[in-house]
Amino acid sequence: MKNSERSRLNGEAEEEDDEEENLNGGLEAWERSYADDRSWEALQEDESGFLRPIDNSAIYHAQYRRRLRGRSLTAATARIQKGLIRYLYIVIDLSRAAAEMDFRPSRMAVVAKQVEAFVREFFYQNPLSQIGLVTVKDGVANCLTDLGGSPESHIKALMGKLGCSGDSSIQNALDLVHGLLNQIPSYGHREVLILYSALSTCDPGDIMETIQKCKESKIRCSVIGLSAEMFICKHLCQETGGTYSVALDESHSKELILEHAPPPPAIAEFAIASLIKMGFPQRAGEGSISICSCHKEVKVGVGYTCPRCKARVCELPTECRICGLQLVSSPHLARSYHHLFPIAPFDEATPSRLNDLHNISRSTCFGCQQSLLASGNKAGLCVACPKCKKHFCLECDIYIHESLHNCPGCESLRQSNPVVANEG
Amino acid sequence: MASAPSKLYSDDVSLVVVLLDTNPFFWSSSSLSFSQFLTHLNQVVVIATGYNSCDYVYDSSSTGNQSVGNGRMPSLCATLLQNLEEFMNKDEQLGKQEPEGRIACSLLSGSLSMALCYIQRVFRSGLLHPQPRILCLQGSPDGPEQYVAIMNAIFSAQRSMVPIDSCYLGAQNSAFLQQASYITGGVHHKPQQLDGLFQYLLTIFGTDLHSRNFLQLPKPVGVDFRASCFCHKNTIDMGYICSVCLSIYCKHLKKCSTCGSVFGQAQTQSDEPSATNRKRKTTDA
């Protein structure tokens with residue numbers, strides 16, 4: 001009796017557990033992390049049969065070199081013009097496919113977070129450009145934020161409540177964006193980035209006509225798919241000169257989005273070169289009190305004064321609200337110069353050559369002084385600059401090309417002819 | 001500047017990378033004071049900015065330099081001065097060019113880039129690493145041809161949250177160093193009396209980043225972010241920017257002299273910025 005009572009009590013508890021387990025697919029929480037993450041894939045067998053974790057740094061470096069080679073193939077040795085003043089619309093698909101939970105917690109939440117990171121990175125790399133946000137829900141495209149040059153307003157809109165429902169429509173999104181981008185100045189490069197979760201599109205008319213219209217208006221459309229490859233997205237990107245990629249998982253999709261932050265190679269006929277009038281405001285004097293034109297509040301000390309109408313603005317770059325003059329400071333322009341004068345990718349240094357020259361200068365990385373010799377005094381992996389022939393370690397290679405944009409070796413050599421100045 | 005929440009800094013340990021300007025055309029005396037900043041925990045790395053080259057001169061964390069016993073301070077100074085001496089000799093042999101007219105600039109962009117690579121290596125060294133900062137002791141004037149490289153280094157330092165302090169000992173103002181310190185959140189100072197250089201270095205630049213919140217340090221005054229036009233090198237308030245290559249002009253032109261784009265018409269792909277036409281600007285204070 002006692003046993004049966006106990007078993008009944010246990011049975012009830014077990015029933016509750018069973019219900020929970022059935023909801024969770026019969027797995028404990030710790031088991032779920034193995035089922036979903038597949039942590040055994042991060043292990044590799046070495047020559048003697050022992051398991052060891054995959055050497056991430058070599059893989060990371062190989063991926064980085066592939067990315068660099070892809071970029072430099074298009075650039076070749078000549079410097080390619082890049083569209084530096086960009087007007088980009090981000091179209092976020094909020095159809096019911098965005099509520100899928102294959103990206104945790106849901107595709108929509110992951111996309112919102114990644115777009116926020118992208119917006120910050122975009123304004124860091126392109127201070128003179130503007131972004132606008134468009135959402136597609138229930139087959140209708142709506143403008144979430146207007147074109148603006150400051151990241152805060154876009155991020156605030158993204159953090160708001162974004163429900164997802166209904167179908168998605170590429171044509172409506174493109175129509176809306178086309179109308180909005182027709183109003184921008186002719187020197188700007190028009191771009192659209194579509195983050196597409198759905199596998200279909202519900203369009204009111206002929207989407208091929210819309211694609212043709214976008215092509216004629218010189219809008220460069222790129223798509224990042226979150227589920228699978230679609231023909232219509234591929235066709236759109238091919239026609240307009242954009243890139244189409246499909247994300248495999250969350251980290252891959254973040255990588256794909258951030259690839260759109262640096263300016264793409266410009267197609268020359270797309271934007272008309274013109275001289276843009278800009279102002280370089282001085283900082284307002286310490287202790288000066290005035291009402292700023294952006295917040296309509298009294299501010300003391302901090303801020304800048306528009307050189308044309310003397311209105312006070314709080315931050316740069318911005319457009320003066322009183323007279324409409326674009327206000328920038330010289331570091332904002334300088335931030336884009338490295339796109340115009342990129343440094344050449346480094347060549348991989350063959351280990352045999354390294355062994356022959358046992359100079360001290362060849363055995364340490366020129367940038368960080370780390371030893372380039374792997375264990376046992378063999379030559380490890382390293383790269384060398386084609387111009388100054390100095391050797392660098394893999395991490396310095398990545399840092400130099402992705403963040404610093406200066407080759408320390410070339411900068412440390414005085415050029416004989418100062419006009420042909422340091423380019424890398 | 002506050003440290004980023006994602007990086008763990010040990011509060012007491014700092015790393016100072018000192019960029020020492022060793023342009024022989026400027027220096028007439030050398031300063032020994034930075035060796036006083038060393039304690040057994042803090043790290044100092046000295047990179048010399050020469051006229052023809054830049055190189056690491058001293059690294060307190062490398063095993064060869066850590067001495068035991070009582071002869072601590074003098075041996076540190078001796079190693080440093082010896083390496084500096086060797087560097088100066090090598091530097092002189094690398095090129096015999098004499099500058100015409102005014103004092104020529106030293107290769108600040110090279111040593112800044114090397115310092116940033118070293119700091120990245122420190123960031124990779126583990127979870128708890130010292131708080132790095134860069135101190136530039138500079139006497140030579142700015143070289144306009146280094147503008148792009150120095151701005152790249154400044155933005156990279158800003159990204160990695162590394163303050164660049166600068167102590168300028170020359171005659172005129174250095175706009176590059178003022179901008180560097182302003183953008184990265186460091187301290188810029190031009191000492192009035194060079195006899196008291198040790199005192200300036202100790203009180204202003206010797207403090208670690210956490211203590212700076214409690215100290216009154218020289219404020220950035222008069223940092224001028226106005227640009228100079230490419231045609232006349234005048235500082236301008238309002239100008240015209242080429243939409244293709246972002247060159248700055250003070251008046252309307254038909255054609256951009258840097259990239260060759262004709263304004264008002266769609267340009268062709270064959271126009272590329274040519275090296276000889278590229279004029280870099282300085283931002284004068």
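A polar contact is a pair of N or O atoms within 3.5 Å; within protein, one must be able to donate a hydrogen and the other to accept it. The model examined here is predicted. In this model, a polar atom of the Ser293(A) side chain lies 2.8 Å from the backbone oxygen of Arg312(A). Ser293(A) sits in a loop of chain A, between strand 11 (289-291) and strand 12 (298-300). Its relative accessibility is 11%. Buried means under 20%, so Ser293(A) counts as buried. Beyond its neighbours within four places in sequence, Ser293(A) is in contact with Ala311(A), Arg312(A) and Val313(A), and also with Arg321(A) and Ile322(A).

Chain A also contains an open sheet of 6 strands. The strand order is 5-4-3-6-7-8, and the pairing is mixed. Strand 5 (140-148) and strand 8 (244-246) form the edges, each pairing on one side only. On average, neighbouring strands of this sheet are turned by 15 degrees against each other, direction ignored.

Within chain A, strand 3 (residues 86-93) and strand 6 (residues 189-196) run parallel. They are joined by 7 bridges. Val91(A) stands opposite Ile194(A) of strand 6.

Helices pack on this sheet as follows. Helix 4 (residues 107-125) of chain A lies across strand 3, strand 4 (130-137), strand 5 and strand 6. Helix 4 runs at about 175 degrees to strand 3 of chain A. Helix 9 (residues 250-258) of chain A packs on the sheet too, touching strand 6, strand 7 (219-225) and strand 8. The direction of helix 9 makes about 165 degrees with that of strand 8 of chain A.

Conventions. Residues are numbered from 1 along each chain as its sequence is written. Chains are lettered from A and ligands numbered from 1 in the order in which they are written. This is a predicted model: local features need pLDDT of at least 70, side-chain atom pairs count only at pLDDT 80 or more; totals for chains, interfaces and linings use all residues. Side-chain values use heavy atoms; hydrogens and water are left out. Helices (H or I, at least four residues) and strands (E, at least two) are DSSP runs, numbered from the N terminus. Buried means under 20% relative accessible area, exposed over 50%, partly exposed in between (1.4 Å probe, protein chains only). Contact means heavy atoms within 4.5 Å. Two strands pair if DSSP finds at least two bridges between them. Axes are lines fitted to C-alpha atoms, for helices over the stretch in contact, and angles run from 0 to 180 degrees between N-to-C directions.
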